[in-house]
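Welcome! Please take a moment with the sequence and the model, and then we can walk through them together.

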Amino acid sequence: AVFQHGKVEIIPNELENRITPSYVAFTDNERLIGDLAKSQAARNPNNTLFSVKRLIGRKYDDPTVHADMKYWPFKILNDNGKPKVVVQYRDRMILFTPEEICSMVLAKMKQIAEAYCNEKISNAIITIPAYFNYSQRQVIKDAATIAGLNVWRIINASTAAALAYGFDKNVPAERNVLVFDLGAGTLNVSVLKIEQGIFEVKSTSGDIHLGGEDFDNRMVAYFVQEFKSKYGKDLSENKRALRRLRIACESAKSKWGTLQFKKGYINGVNDFTPEVKYLLEKSAESTLLL
């Protein structure tokens, strides 16, 4: 987003989307970031990276890291106690730190902003989850530096949300505000004290493993188990099939959320076997009846 003409404007990417997925992919001869990376994930699961933010500031032996690894088709290696992602790029294996991958996403956003504003962008304000500790905040700063950005300030996402709703201008007297932020990877709930345009985070809580991606993980795990029980085949052994199943689950979840889902219509599952389509449709029917 950019602040201009007296307001904050969300910057659309090259595909005119207002949200750019934090995906980075490596092919035989190029690196893809955002929508293009996500669109080819089913064909290239081992070298398409996502949810890497969950590795920021964590050790390889952290139980949460290993819990996430079960759902990632790409490899994570232990490099002196630190988790690093492994990809194959231009006929060689390369290790990347989480901050390096995050810097690629930030560099992409910088490029999008420069194209939109028609000028060079050097400074940025970055929002982060309120629960991030000092080490994790520093990693984000390092990633921004690698991307060529000077970080003016890092602010809590809950504070940014309150600002976006204009609470700094519309609250004449002291007031406590609860901000509920359910994102792709995390749930953050913060209580803010707002007085004379000043925001103070009084308390914050949440779940670092409760977001849209975790809903997807539960759906994928359910269908893998259902398919295994019914047909004796383990879809989790085929990374490409697993990725295609995840895409179908994401699409189905979106349809359910807007209550526009119709039996037999799940974008992205045309290549699935009739058995998998049946399981998805069965789940959809049971969900709509809840």
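The chain folds into 9 helices and 13 strands; here helices (H or I, at least four residues) and strands (E, at least two) are DSSP runs, numbered from the N terminus. What you see is a predicted model, in which local features need pLDDT of at least 70 and side-chain atom pairs count only at pLDDT 80 or more, while totals for chains, interfaces and linings use all residues. Residues are numbered from 1 along each chain as its sequence is written, and side-chain values use heavy atoms, with hydrogens and water left out.

Let us look at the chain as a whole. Take the contacts (heavy atoms within 4.5 Å) between residues at least 6 apart in sequence: 53% of them join residues at least 24 apart.

Now find Ser51, in the loop between strand S5 (48-49) and helix H2 (63-69). Ser51 counts as buried because its relative accessibility is 11%. Leaving aside residues up to four places away in sequence, Ser51 touches Ser22, Trp72 and Glu213. With Glu213, the side chains make a polar contact at 2.7 Å (a pair of N or O atoms within 3.5 Å; within protein, one must be able to donate a hydrogen and the other to accept it, and residues adjacent in sequence count only if both atoms are side-chain atoms).

Cys102 is buried because its relative accessible area is 15%, and Cys117 counts as buried at 18%.

Methods. Buried means under 20% relative accessible area, exposed over 50%, partly exposed in between (1.4 Å probe, protein chains only).
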